[in-house]
Amino acid sequence: MTTAVAAPFRFFSLQVVRTRRLGPSLVRVTFAGDDLRAFHSDGRDQSLSLFLPHPGQAEPVVPLELGDGWWQGWRELPDGVRAVMRSYTLRALRRDPDEIDIDFALHTPAGPASRWASRTAPGDRVLLLGPAIADNRAIRFRPPADTDLVLLWGDTTAVPAATAILESLPARTRVRAWLEVPHPGDIQDVATRADAEITWLVHHDGSPTGDSVRSARLPVTERPYVWLAGESGRVRELRAHFTGERGFDRRRIAFVGYWRRGLTEEQLRTGD
């Protein structure tokens, strides 16, 4: 397996150039900025930290003038001033011109990031904390070279990363994917060269869609690789299923909790 390097990360000053609704629960926001020439990533589930302004602010407030002390300075700002920080994954990076796409999950009741994404317009300014080198520690999807079956599961928050992964896989890669969304209109056409079977699971009331993964009959495999992302509790349950009931090697399972039911991102980060 490729070993991630301890990559430096830096801030990028960006502005919105366009938005596009992908469905009732997803909106794609495209950002540009001169700083993006220094943005590099090889990861299809590249994690990013996005800083958003509060309503009425022209740009997000982050004390970059403090250098390495920005984090503590940001934490000490008043709640109504301190920029809203949320974690997202990179959906796409393009050159000439330099642009990135980030897909936002919209939900009700809306949090500050969901509200911002539903109302943002070209010219709106944000700050992004992202990678300055392509291979970095914020990339989780790293299948070993001998992988003979890729298994993906993600909820709505992980659909952007999962679809980016599917689009990146080479021909003849065997893939089974389960993607959960709240509405049939959120189902996307995914262009992939892989030998992929993609199952979209729709749950209208926001509840999990049941036992589809547990009951699935998988192709014969000797060296599977599993990627799980979304709500932390579901991720833990599915990881236990693959290691316990299916006997998969835990070293070949990548897993990340993008959110936790009942907690805000601030509470997750501070442990409150």
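Start with helix H4. Select its buried residues: Ser232, Gly233, Arg234, Val235, Leu238, His241, Phe242 and Thr243. Buried means under 20% relative accessible area, exposed over 50%, and partly exposed in between, with a 1.4 Å probe and protein chains only. Helices (H or I, at least four residues) and strands (E, at least two) are DSSP runs, numbered from the N terminus.

A word on ground rules: this is a predicted model, where local features need pLDDT of at least 70, side-chain atom pairs count only at pLDDT 80 or more, and totals for chains, interfaces and linings use all residues. Residues are numbered from 1 along each chain as its sequence is written, and side-chain values use heavy atoms, with hydrogens and water left out.

**Around H4**

What covers those buried residues? Show strand S8 (149-154), strand S9 (174-181), strand S11 (224-231) and strand S12 (253-259), which are included in the cover.

Now select residues 232-245, the 14 residues of H4. At 1.5 Å a residue, H4 should span 20 Å, and its end C-alpha atoms are 19 Å apart, which agrees. The expected span is 1.5 Å times one less than the number of residues.

Go to the start of H4. A side-chain oxygen of Glu231 comes within 2.9 Å of the backbone nitrogen of Gly233. Then pick Gly247, which follows H4 and has a positive phi, near 70°.

**The rings**

How many aromatic pairs does a search of the whole structure find? There are 12. Rings of Phe, Tyr and Trp (its six-membered ring) pair if their centres lie within 6.5 Å; planes under 30 degrees apart count as stacked, over 60 as edge-to-face and the rest as tilted.

Select Phe12 and Phe39. This pair is edge-to-face, 5.3 Å centre to centre with 65° between the planes. Phe12 lies in strand S1 (residues 9-23) and Phe39 in the loop between strand S2 (26-32) and strand S3 (47-52), so the pair ties together parts 27 residues apart in sequence. Phe12 is buried at 0% relative accessibility. Phe39 is buried at 0% too.

Next, select Tyr88 and Phe104. Their pair is tilted, at 4.5 Å centre to centre and 50° between the planes. Tyr88 sits in strand S4 (residues 84-89) and Phe104 in strand S6 (residues 99-105), 16 residues apart.

Arg10 lies over the face of Phe12, 4.5 Å from the ring centre. For this, NZ of Lys or CZ of Arg must be within 6 Å of the ring centre and within 35 degrees of the ring normal.

**Leu48**

Pick Leu48, in strand S3. Is Leu48 buried or exposed? With a relative accessible area of 2%, Leu48 is buried. Its contacts (heavy atoms within 4.5 Å) beyond four places in sequence include Phe39, Tyr88, Ile102 and Pro131. Leu48 and Pro131 are 83 residues apart in sequence and 8.0 Å apart in space, C-alpha to C-alpha.

**The cores**

Last, select Phe141, Leu152, Val175 and Trp227. These have the most contacts inside the largest nonpolar core, which has 25 residues. Such a core is a set of buried Ala, Val, Leu, Ile, Met, Phe, Trp, Tyr and Cys residues joined through side-chain atoms within 4.5 Å. S8, helix H3 (159-168), S9, S11 and S12 each supply at least two of its residues. H3 gives the largest share, five residues. Apart from this core lies another, of 23 residues, among them Val29, Tyr88, Ala117 and Val126.

How values were computed:
A polar contact is a pair of N or O atoms within 3.5 Å; within protein, one must be able to donate a hydrogen and the other to accept it, and residues adjacent in sequence count only if both atoms are side-chain atoms.
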